[in-house]
Amino acid sequence: MAGWRATDIPDQTGRTAVVTGSNSGIGYVTARELARRGARVVLACRSEARGTAAVERLVGEVPGAEVEFAGLDLGDLASVRQFADTYEQGHRQLDLLINNAGVMALPRGRTADGFETQFGVNHLGHFALTGLLLPVLLGTDGARVVTVSSGMHAMSNIDITDLNSERKYGRWAAYARSKTANLLFTHELARRLAAIGSDIVAAAAHPGYAATNLQTAGPKLEGRRAAESFMSIGNRVFAQSAEAGALPTLYAATAPDVRPDSFTGPGILGWRGSPAKSWRAPWALNDRAAERLWEESERLTGVAYEGLKR
């Protein structure tokens with residue numbers, strides 16, 4: 001794993017990948033590098049304008065790449081269902097599902113279905129998407145589901161009695177809870193897949209501190225120009241590039257030695273550097289919490305993972 005780079009990605013010819021939130025940042029780099037190695041890649045993005053522009057940019061960087069845009073709003077379960085239905089109609093396989101899209105430290109808001117925005121987009125949207133695509137995943141030999149979490153999950157455990165932060169909302173605490181939920185989801189998904197003897201690998205990754213628009217989106221949304229400038233300066237001075245930040249995700253998606261329920265991040269203090277095994281808060285490996293979150297996620301989204309019952 002030491003010194004692992006994008007050039008170490010195995011040949012992906014004949015494989016199909018879906019990368020959510022892939023019009024920019026680490027999602028775009030993930031999609032581009034998978035396409036560079038021969039994968040057919042679906043850029044699943046909320047904005048059609050930005051998604052189609054990303055497709056054009058990617059093809060310009062990787063001539064001959066097999067890429068396509070598909071609309072997906074993870075904050076709207078109707079959109080998630082529409083994406084899954086359309087995907088299954090047009091594709092026979094799904095080798096890599098990269099649950100990458102996310103929002104960070106936003107002011108209190110609601111998704112189209114009434115969920116707290118960060119929990120709804122970062123966790124519930126991807127939970128529903130994975131469940132709806134499960135039949136095609138199960139029908140694909142050697143498939144993987146990689147969910148992008150964050151080292152900031154260590155700031156807060158989930159509160160199973162207040163998943164939507166009704167009692168108290170703090171933007172950073174809500175973000176951390178959503179990233180803990182990503183890890184608990186991976187933990188329980190890996191357990192349930194193993195219970196039925198599936199060879200699907202469910203793994204998690206995080207980019208460390210990578211320079212993307214994720215850091216500035218919240219301040220920009222609120223018009224907090226000083227905070228936006230501060231985050232932009234931090235990106236330029238301290239963060240590693242989006243190319244480096246995407247490496248843990250690419251490693252989890254393609255390296256032959258990746259194990260179910262693993263968590264990959266940058267090797268230098270979880271901040272930057274080559275992919276390495278990442279530290280994980282004990283609560284992100286709690287079996288009972290993972291099971292309870294799963295049950296609540298099925299109830300809230302209305303998406304039941306048929307064939308993966310406990």
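The legends below describe close-up views of a predicted model.

Because the model is predicted, local features need pLDDT of at least 70 and side-chain atom pairs count only at pLDDT 80 or more, while totals for chains, interfaces and linings use all residues. Residues are numbered from 1 along each chain as its sequence is written, and side-chain values use heavy atoms, with hydrogens and water left out.

**View 1**
Strands (E, at least two residues) and helices (H or I, at least four) are DSSP runs numbered from the N terminus, and two strands pair if DSSP finds at least two bridges between them.

**View 1**
Strands S4 and S5 run parallel and are paired over 4 bridges, with Val146 in S5 as the bridge partner of Ile98.

**View 2. Strands S6, S7 and S8.**
Strand S6 (residues 201–205) and strand S7 (residues 263–268) run parallel and are joined by 2 bridges, and Ala204 has Phe263 in S7 as its bridge partner. On pairing with strand S8 (residues 272–277), S7 is antiparallel, over 4 bridges, and here Ile268 stands opposite Arg272 in S8.

**View 3. Helix H1 against helix H2.**
The axes of H1 (residues 25–36) and H2 (residues 48–61) come within 10 Å and cross at roughly 40°. That angle makes H1 oblique to H2, since angles under 35 degrees count as roughly parallel, over 145 as roughly antiparallel, 65 to 115 as roughly perpendicular and the rest as oblique. The crossing is right-handed, a term used if the near helix is turned clockwise from the far one by less than a right angle, the anticlockwise case being left-handed. Tyr28, Ala31, Arg32, Ala35 and Arg36 in H1 meet Ala54, Arg57, Leu58 and Glu61 in H2. By class these residues divide into 5 nonpolar, no polar and 4 charged, where Ala, Val, Leu, Ile, Met, Phe, Trp, Tyr, Cys and Pro count as nonpolar, Asp, Glu, Lys and Arg as charged, and the others, Gly among them, as polar.

**View 4. Helix H1 against helix H10.**
H1 and H10 (residues 247–254) have axes that come within 9 Å and cross at roughly 45°, and the two helices are therefore oblique to each other, in a right-handed crossing. Thr30, Glu33 and Leu34 in H1 meet Thr249, Leu250 and Thr254 in H10, a contact whose residues divide into 2 nonpolar, 3 polar and 1 charged.

**View 5. Helix H4 against helix H11.**
The axes of H4 and H11 (residues 287–301) come within 10 Å and cross at roughly 85°, and H4 and H11 are therefore roughly perpendicular to each other. The contact of H4 with H11 has 7 nonpolar, 3 polar and 1 charged residues.

**View 6. The salt bridge of Glu166 with Arg110.**
The side chains of Glu166 and Arg110 meet in a salt bridge at 3.0 Å, N to O, the term denoting a side-chain nitrogen of Lys or Arg within 4 Å of a carboxyl oxygen of Asp or Glu. Glu166 lies in the loop between strand S5 (144–148) and helix H6 (171–195), and Arg110 in the loop between strand S4 (96–99) and helix H4 (117–132), so the pair ties together parts that are 56 residues apart in sequence.

How values were computed. Axes are lines fitted to C-alpha atoms, for helices over the stretch in contact, and angles run from 0 to 180 degrees between N-to-C directions. Contact means heavy atoms within 4.5 Å.
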